Amino acid sequence: MNLLALQMMALSFHVQIKHLHSLQIPRCTRHLSMSTTPPSGQRRRRIGIIGGGASGMFAATAAADAAQRYASQGGCDVVVFEATQKTMAKVRISGGGRCNVMHDTTKPLPQILSSYPRGNKELRGMYTKRFTPDDAYEWFTSRGVTLKTESDGRMFPTTDNSQTIIDTISRAAIKAGVEVQMKEKVEGVEWREADGEGSFVVHTLAKSPDSSEKEKKAEHFDALILATGSFPIGHEIARSLGHTIVKTVPSLFTLDAKDLVKDGGAFHGLAGVSVPMARLTLTVTDEMASPSADTPPLSKPAEADGTAKKKKKRRKKAPTIVQEGPLLVTHHGVSGPAALRLSAFAAREFNAVGYKCDVNIHFCPKWEDEHASKGGSGEGVMMDALWEMTRKVPKRRVATGCPLFMKALQGEASADSPKSLPVMPKRLWSALVQHSGISPETTWGDASKTMIRSLATNISAFPLHVTSKSTFKEEFVTAGGVHLKEVQMSTMMSKKRPGLFLCGEVLDVDGVTGGFNFMNCWSTGFVSGEAAAEYCCEEQSIT
């Protein structure tokens, strides 16, 4: 081949790479490493990944990259089964189409782990030694993705386009030699042994290339990575291979309160009003504290022989689940970080009562913290402060505006903004005043102690009756999945079936909104991919 021909080939390859902006891996396209022929006496191993979502594609890329290091031992083919016509659908809609790729990696690890209602203990080693948040950051930035961190800690590509993340992972998968089989619906998996060797048999259903009918296929793999997210098929496969599935329930949802938002309700007409910092408290009832819930039993079981010593019964205070953060009033109820965090940490409790229960809202907990030194707490501090207004400004109308102020957050005060801010928006204050039985014309001097006490209660312990839930935007997260005690977290390999690896949301791991769920996908995906390649290609087994 002459020099001109070589130059033309190099230019063509450069142009193809340059124009991959809208990249989507084509169906059944295979890119193998340089050494595709196994050494004499060795066969080329196969790794299958079920699910072409975030964790599945990340795992496939890691597996194919790692397999290239074992080319002298036969190497591996990596195949992804995706039931739809596009990979990484959840990445595409994340963060309103911007992709909240991860959370602020500069935050202390304990703070990051505290945002996982389930899986925080198990992820500690993963985030410390195996594939850390900093490793995930480096993975993306080293491939040309520039990330930015917003004030609430969420990290996005500077393009504000989820396609940037999809393209980056897709390019890496193609470069590593990953094969993706689109519109290939997996119907089941079985383990078979023959001639002293075992393999996973993946049964699929796909449209025949020669007709409009669908045909069944069966492919054998030496290792299998389950990356099906919260889809039932993944849990069915895991269960068929010996795993226990923790019951799945919705997580990360907004709280509906139809009685409050309807005409005449306290929140009617307040949609769009936000509170900078609120505290939501859910009191756990006996009905919520079922065996399937994440909370411990409310009381110890009685002695078996009934000979327990009689003790003076003390009424135990019911446990509570408390979360703080910004709160947003919506057309249906409340949303915002505080509501979403509560929905995640109390996912099973809400589910146990059919999403019908009472939640208390403290609209100004930080103000209470500032004034705690004066004695008392909660309603007592609030009552004293409000009653003082009857003496200070007796002729001013109560509904005019919130008289309680707190210091501005650090860095918030400026020449254009005051150093102290009202604890809640004027519209919300007026609504709470009216809800407390105080007319718009009532002055502080005319307000009775009963009225002021009612107002204090509605500010520090407003009763929100939850009537149902709503999905947060287009994102859907579940609590539950494969039991973590049955997974070796250092490799993500099953303790029940060697050669089976699990990653992402198929596991009983979930985080709050803010990039935490993707961080779980990247870490468990990377570790499972590398470990699967090592399992297939090394002579010794992973222990």
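**Entry 1: the sheet**

I count two strands as paired if DSSP finds at least two bridges between them. With that in mind I opened this predicted model and looked for a sheet. I found an open one of seven strands, in the order 19-16-13-14-15-12-20, with antiparallel pairing. Which strands stand at the edges? They are strand 19 (462-466) and strand 20 (468-471); each has a single partner strand, so one side of each has no neighbour in the sheet.

A reminder to myself: strands of a sheet pair through backbone hydrogen bonds, either parallel or antiparallel.

Next I followed one pair. Strand 12 (residues 253-256) joins strand 20 over four bridges in the antiparallel sense. There I found T254 opposite S470 of strand 20.

**Entry 2: two helices crossing**

I turned to helix 14 (residues 426-435) and helix 15 (residues 449-460), whose axes come within 9 Å and cross at roughly 130°. That angle makes helix 14 oblique to helix 15. The crossing is right-handed. Which residues make the contact? I noted W429, L432, V433 and H435 on helix 14, and L455, N458 and I459 on helix 15.

**Entry 3: the nonpolar cores**

I looked up the largest nonpolar core and found 91 residues in it. I47, V101, F140, I169, V189, L507 and W522 have the most contacts inside this core. Helix 16 (residues 516-537) gives the largest share of the core, twelve residues. Another core, of 61 residues, lies apart from it, with L255, L270, F363 and A447 among its members.

**Entry 4: V509**

My last stop was V509, in the loop between strand 24 (500-502) and helix 16. Is V509 buried or exposed? Its relative accessible area is 2%, and buried means under 20%, so V509 is buried. What does V509 touch, not counting residues up to four places away in sequence? My list reads Y116, R118, G119, L123, L484 and N520. I checked L484 too: it sits 25 residues from V509 along the chain, and their C-alpha atoms are separated by 8.2 Å.

Notes. Residues numbered from 1 in each chain as written. Predicted model: local features only at pLDDT ≥ 70, side-chain atom pairs only at ≥ 80, totals over all residues. Heavy atoms only, no water. Core = buried A, V, L, I, M, F, W, Y, C linked by side-chain atoms within 4.5 Å. Buried < 20%, exposed > 50% of the residue type's maximum accessible area, 1.4 Å probe, protein only. Contact = heavy atoms within 4.5 Å. Axes fitted to C-alpha atoms, helices over the stretch in contact; angles between N-to-C directions. Parallel < 35°, antiparallel > 145°, perpendicular 65-115°, else oblique. Left-handed = near helix turned anticlockwise from the far one by under 90°.
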